[in-house]
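Please look through the structure below before reading on.

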Amino acid sequence: MDQVCLVSNAKEGSIRIMDIKTGSLQYSFKQNMHEPAVSNSKGSSAREYGTHCLAVGTLPGSNGSSITAPINLVASLQADRPLLHLYGWGKETPRLRFGLPEAMSSIALSPARVGTGLCVGGSSSGKLYIWEIPSGELLRVIDGHYRAIRSLVFTDDGQTLISASDDATIHVWRLGEIFHPKTPPAPKPLHVWSDHTLPITNVVVGRGSGTLRAFSVSLDATCKVWDLASGKLLATFLLPSAAITLAVDAKETTLVVGCTNGLIYQLPLYKGIKNIPDQPLRSNIGDGKVLSVDAPASNTEDPSHACFKGHESSITSVLFDFTGTKLISGDKSGQVIVWDVASRQPIRHLSSGSAVTASGIGAATSLHIFPTPQFLLRPGQDSEELTFPSIAPFSRIMEQKSNLSWLPPPQPWFNDNSGVSLFDTVPSPGLLPHSILDGENISYKTFGYKGPGTNGLISNSHSNFDTQATTHSEPQLDFDAIHKENNQLREINEQLYKRLLSLSDESSLSK
């Protein structure tokens, strides 16, 4: 499969489509300005890296999976202004540009689907905005986080959204519950992960839609692995430097993490038995294991502590190609390198800007890889990819009119060890499966939940269904008290966050 890499340059305002085999420029977009803010002298800031201000996707109505569907939409947030540019093939300048309700710090497009799609924006204030494409209707506004949302990612089935923030938390959202008409106005996330101690800079999720793992990195110099079904922390990698970006190969056997020291660390998720090459691989993570990663002396060290060396400034973005044999990385100076994964040696350099050298052209803020568009493979021939359908400007006011019947109900996940469905136990009264919301007289005990105000779970035996009349309004009985407590926790979180930053600054100055 022919592949191209999209490279966005923060300073020059260009988006380049490069051939990763030859390094040649295939296409470009202009008038794209999202140079991130400059951090202060006391230390790195998540705001310094605008790596999630650009998303690529497939316009509604295109056929194919999220991997093979032709990419024909590029959405780019503009600097610190509430402005969005939409690009399409056949025109170098934006096809559409329109204002947003507030400045956004991250954006994501739902995977390819027939019929319609979603665009999600994470704001600098911590809100999640969800628009429908192509109607442009603002479907939901959710107070998702306390601080700016830095990373957004969908699972392949489009049913789950993960958001990561400067408030050092990660939230897992089920879209089927968010859009259900009987869900409370302030939906709760399925999971809240708060094990990081400083702003989270990136989160990615594995392929598929069954038992999935999510991976996150933070300025606290850790990389964490999570089980998406159970919400458990599987492992923590302790890194020598603050982590900015990460990627996982398609087989999910290897992680790579880009750090502020200019190194890309290779973290094995599985390991073999020494001197017995034919033995099956064993998992290197699980049960909250903590693994320390040391900086190796060269590119040819033991793979369990290996890294890619070649960048001279902070890494801003990394990704694998579809085969998993090549790695593409960009840094703060604008240098983009294509690596051979097996040898960890650079193959070629790609330019993220018009200058011959990367020096001074601005950070390579975003990297995306996708199949080469057909109109580039067969120039001069008519292609549907060049047709940009009608898309309405995104609304700033929530006034839902669309029929959301296209959105599939959430499918249960299964735990690898127990075989128990995720929805056999309801994690909180604010997030309930469709079957319990659609039935006015079904007890929460049917799903193993005792009711509001309790954390205990009971046996979910189908022979012991409790059919007493219990309405779905019960979870809202203590809503006012929960809202008050949430505000108190928000204030405490704010104080702790400021204290952590001050301690980090004091530590940097002492060094």
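A residue is called buried when its relative accessible area is under 20%, and exposed when that area is over 50%. The model shown here is predicted. With that cut-off in hand, consider Ile285: is this residue buried or exposed? Its relative accessibility is 10%, so Ile285 counts as buried.

Which residues does Ile285 contact, leaving aside its neighbours within four places in sequence? They are Arg213, Val225, Leu234, Ala235, Phe237 and Leu269. One of them, Val225, is 60 residues away from Ile285 in sequence, while the C-alpha atoms of the two are 8.1 Å apart in space.

The next stop is a run of strands further along the chain. Strands of a sheet pair through backbone hydrogen bonds, and the pairing can be parallel or antiparallel. Strand β27 (residues 315-320) is joined to β28 by five bridges, in the antiparallel sense. Within this pair, Leu319 lies opposite Ile328 of β28. The hairpin that β27 and β28 form has five residues between the strands, and Gly324 in this hairpin has a positive phi near 80°.

On from there, β28 also pairs with strand β29 (residues 335-340), again antiparallel and over five bridges. Here Gly330 faces Val336 of β29 as its opposite residue. The hairpin of β28 and β29 has three residues between the strands, and in this hairpin Gly334 takes a positive phi near 105°.

Why is strand β28 described as largely enclosed by the rest of the structure? Strand β28 covers residues 326-331, and five of these six residues are buried, so the strand is largely enclosed.

The last stop is an open sheet of four strands. Their order is β12-β13-β14-β15, and the pairing is antiparallel. Which strands form the edges of this sheet? They are β12 (149-154) and β15 (191-193), each of which pairs on one side only. From one strand to the next, the twist averages 15°.

Methods
Residues numbered from 1 in each chain as written. Predicted model: local features only at pLDDT ≥ 70, side-chain atom pairs only at ≥ 80, totals over all residues. Heavy atoms only, no water. Pairing = 2+ DSSP bridges. Helix = DSSP H or I, 4+ residues; strand = E, 2+ residues; numbered from the N terminus. Axes fitted to C-alpha atoms, helices over the stretch in contact; angles between N-to-C directions. Buried < 20%, exposed > 50% of the residue type's maximum accessible area, 1.4 Å probe, protein only. Contact = heavy atoms within 4.5 Å.
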